[in-house]
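The following paragraphs lead the reader through one structure, step by step. Please keep the sequence and the model in view while reading.

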Amino acid sequence: MDEVDILVIGGGSGGSAVAGRLSEDGRFTVALLEAGGENRSWRIKAPGMMPFLPKSSNWQFDTVPQRGLNGRLGYQPRGRGMGGSSAINAMLYIRGCAWDYDNWAALGCDGWAYRDVLPWFRRAEGNERGTDGFHGGDGPLAVSDQRAPNPASLAFVEAGASLQLPRNPDFNGDRHEGIGLYQVTQKGGERWSAARAYIDPARAAGRIDVRTGALVERILIEQGRAVGAVYRQRGRRHEVRARRAVILAGGAFGTPQTLMLSGIGPADHLAAYGIDVLVDRPAVGADLQDHIDYVAGYQSDDTGFFGTSLAGSLRFAGGVVEWFRRRTGVLTTPYAEAGGFARTRPDVAVPDVQFHFVPALLEDHGRAKVKGQGFSCHVCVLRPESRGTVRLASADPARPPLIDPNFLDAEADVATLLAGVKLMRRILEAAPMARFGGRDRHTAQVTDDAALVAAIRARADTVYHPVGTCRMGSDTDAVVDPRLRVRGVKGLYIADASVMPRLVSGNTNAPTIMIGERCADFVKADLAA
């Protein structure tokens, strides 16, 4: 019989962290099932190759038509393969602010206040700046300063400071608000995904059984307990049993899909697809939250930007050579080099928008090529009120789910994004940015709010932070309890961004890794009880 102590489903950020930690002392036999591949291409390891990643590393989901975006389909890239989205993201190391976690606790997530989660952030982190009260210096997740920030990224910080936005050299320290350069999850000039941090050492020591190309069809549940999974691999169906625990870490889209395929979810929805209902849980696939984002683009004649000019192309080619030789230079860029957090109104307690400055022109998530060169800037709504859903499109696990973020459904989100776009334009047009001669490609002639809102609805989309579809809470409707145990099924845990009851004020990779770290400790404690 194919049997292990603990089965982890999903090799992304949360899954890598929980599997790596559970395997590290040799007490448990651990198997990890990942639908994608190994993600060992040099294009994944080289940060600046992000626009040229292998297609096999990205699920490339689309949303259903978004009413708030003029009926457009949104694009939802998600990491496929070992490391999950940490293998394809911009590598920014951001945790959110203390208020986020204190709010989780206030919502009924006991033990998830900032003082509670900080030790796990520090344990995970290997920051090259060293250890202090906020940071860890020897954890598996490598965090570093950028090696070669673009001059325009430095100018963006100066531009923000000229508008009295405080400089912030550490967004994960004692102050969240402000403008600065982002730290990145890189080591020695290479992308440091969650799989490289947690799984590679475990595999090298023979402590974990990793099975890639393994698409899970359903979780095996017997007499109310999770006991394994059925999966497809290379055209054949397999079954693996778990003696002690099953941990689901498929992400904000994959986890609710797998639960529903296994009979856990909204009863009427499951019945419509002929799925036997084991646990009627309407919150599975509900409460989808994501950071709605607008990207401004400014054309420039300055050839120091990434672009299609001959000078820019030669600079990039030289950067490839330099990276292979020394792991330095322009190919270490995360693209979203500078940014920060700001309040659009004096009455909000903590920042409600985030900026990502990119020394390149972006259109359609980088999928559309733009002639020439220039710079772009994202601004997103950090705590959106709009809520969406993830639903099955089919009982076939190979079919993508129906993803509906319901972007800009709440008028408050429209108002916040409008204010954020206005503030972003002021920064991009402030004196320190003037030397680049940027020309607004999209809203140069737009002056009134109605026209600017129309431009927002025509261009806005995700900045890649979906959460909340299997929310955590102390109430009986919540999918998991504060120890990440799925209500209604024994021995089943969730360790990914789907459990977040509210979006954090920033990028979601580091918080998801923290969730995986905590889940490992919860499982160890439960199995020892």
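Helices (H or I, at least four residues) and strands (E, at least two) are DSSP runs, numbered from the N terminus. The model is a predicted one, in which local features need pLDDT of at least 70 and side-chain atom pairs count only at pLDDT 80 or more, while totals for chains, interfaces and linings use all residues. Residues are numbered from 1 along each chain as its sequence is written, and side-chain values use heavy atoms, with hydrogens and water left out.

Leu484 is found in the loop between strand 23 (461-462) and strand 24 (492-494), and has a positive phi of about 65° although it is not a glycine. Asn70, likewise not a glycine, has a positive phi of about 60°; its place is in the loop between strand 3 (61-66) and strand 4 (72-76). Are these residues buried or exposed? The terms rest on relative accessible area: buried means under 20%, exposed over 50%, and partly exposed in between (1.4 Å probe, protein chains only). Leu484 is buried, at 0%, whereas Asn70 counts as exposed, at 51%.

The loop between strand 23 and strand 24 also holds Val467, which is buried with a relative accessible area of 0%. Which residues does Val467 contact, leaving aside its neighbours within four places in sequence? With contact meaning heavy atoms within 4.5 Å, the partners of Val467 include Ala252, Asp287, Leu288, Met500 and Thr508. Val467 and Gly251 are 216 residues apart in sequence, yet their C-alpha atoms are 8.1 Å apart in space.

The helices may be considered next. Helix 13 comprises the 20 residues 509-528. Because 16 of its 20 residues are buried, helix 13 is largely enclosed by the rest of the structure.

Two packed helices are described by the angle between their axes and the distance between the axes. Axes are lines fitted to C-alpha atoms, for helices over the stretch in contact, and angles run from 0 to 180 degrees between N-to-C directions. Helix 3 (residues 98-106) and helix 4 (residues 114-124) pack at about 120°, with their axes 8 Å apart. These two helices are therefore oblique to each other, given that angles under 35 degrees count as roughly parallel, over 145 as roughly antiparallel, 65 to 115 as roughly perpendicular and the rest as oblique. At their contact, Ala98, Tyr101 and Asp102 in helix 3 meet Tyr114, Val117 and Phe121 in helix 4.

Aromatic rings complete the picture. Rings of Phe, Tyr and Trp (its six-membered ring) pair if their centres lie within 6.5 Å; planes under 30 degrees apart count as stacked, over 60 as edge-to-face and the rest as tilted. By this rule there are 19 aromatic pairs. In one of them, Phe171 and Phe341 have ring centres 5.4 Å apart and planes at 75°, so the pair is edge-to-face. Phe171 lies in the loop between helix 5 (151-162) and strand 7 (178-181), and Phe341 in strand 17 (residues 338-342), so the pair ties together parts that are 170 residues apart in sequence. Phe171 is buried at 5%, and Phe341 is buried at 1%. Finally, Phe156, Tyr298, Phe305, Phe357, Phe375 and Phe436 form one aromatic cluster.

Technical notes. The expected span of a helix is 1.5 Å times one less than its number of residues.
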